[in-house]
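Dear colleague,

I am passing on the structure we spoke about, together with notes on a few of its helices and side chains. Please read them alongside the model.

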Amino acid sequence: TRQALADAALELALDRGSYDAVTVADIAERADVSVTTLFKHFPSKEALFFDRDADQEEALVAAVRDRDPGVPLVDALHAFAVRNSAAVTAAMREPGHLSFRKLVLGSPALREYAGRMWARHERALSAAIAADRGEPEPSPATRALAHIVCGLPGLVQGPDDDPVALREAVFAILRSGWGP
């Protein structure tokens, strides 16, 4: 049901050309469920378009929590970023990715939701790093690291940007500090 709802939301918005052209009633009808059922699976209309939100956050936290003994934190986060980049690259090859990206960028509500989503992920990652370091609360350094890792997707500004080069530059700086 959850996947049917997310698929219905995206299909309708793409068919109609915008997020605002679709109502939750339209989405529920397309997925053959009630609006009440829709809201049992998703807290808001915007959340329908980011149905992998919880999985993404869990993967971020797991990168810290479940890493092998002796693996440095930055290395574990780098490995997560590499895996995530591979998934994003694969998704970008899917026929509807560019349309989805245009849909999100064309909707203030979806852009705002995406920003809030990454802020939640940043807080969750910060808490996981703090717990790993034995901090009662995330320190400024811990919060900064979480912010940098969660900010990686936002570094890609245009079609000519190389996301792999940007990711590797970030992790080189994290490992060795800012050089001359």
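Leaving aside neighbours within four places in sequence, Glu 57 is in contact with Arg 120, His 121 and Ala 124, where contact means heavy atoms within 4.5 Å. This is a predicted model, in which local features need pLDDT of at least 70 and side-chain atom pairs count only at pLDDT 80 or more, whereas totals for chains, interfaces and linings use all residues. Residues are numbered from 1 along each chain as its sequence is written, and side-chain values use heavy atoms, with hydrogens and water left out.

Glu 57 lies in helix α4 (residues 53–65), helices being DSSP runs of H or I with at least four residues, numbered from the N terminus. With a relative accessible area of 25%, Glu 57 is partly exposed; buried means under 20%, exposed over 50% and partly exposed in between, for a 1.4 Å probe and protein chains only. From C-alpha to C-alpha, Glu 57 and Ala 76 are 15 Å apart in space and 19 residues apart in sequence.

Ser 126, in helix α7 (residues 108–133), counts as buried at 5% relative accessibility. If residues up to four places away in sequence are not counted, Ser 126 touches Pro 138, Thr 142, Arg 143 and Ala 146.

In helix α2 (residues 24–31), the buried residues are Val 24, Ile 27, Ala 28 and Ala 31. Seen down the axis of α2, these residues fall within an arc of 95°, so they line one face of the helix, the arc being that of the directions from the helix axis to the C-beta atoms. What covers them includes α1 (2–16) and α3 (35–41). Just after α2, Asp 32 takes a positive phi of about 60°.

The axes of α1 and α2 come within 8 Å and cross at roughly 120°, where axes are lines fitted to C-alpha atoms over the stretch in contact and angles run from 0 to 180 degrees between N-to-C directions. That makes α1 oblique to α2, since angles under 35 degrees count as roughly parallel, over 145 as roughly antiparallel, 65 to 115 as roughly perpendicular and the rest as oblique. The contact is made by Ala 4, Leu 5, Ala 8, Ala 9, Glu 11, Leu 12, Asp 15 and Arg 16 of α1, and by Asp 26, Ile 27, Ala 28, Arg 30 and Ala 31 of α2.

Note on methods. Helix = DSSP H or I, 4+ residues; strand = E, 2+ residues; numbered from the N terminus.
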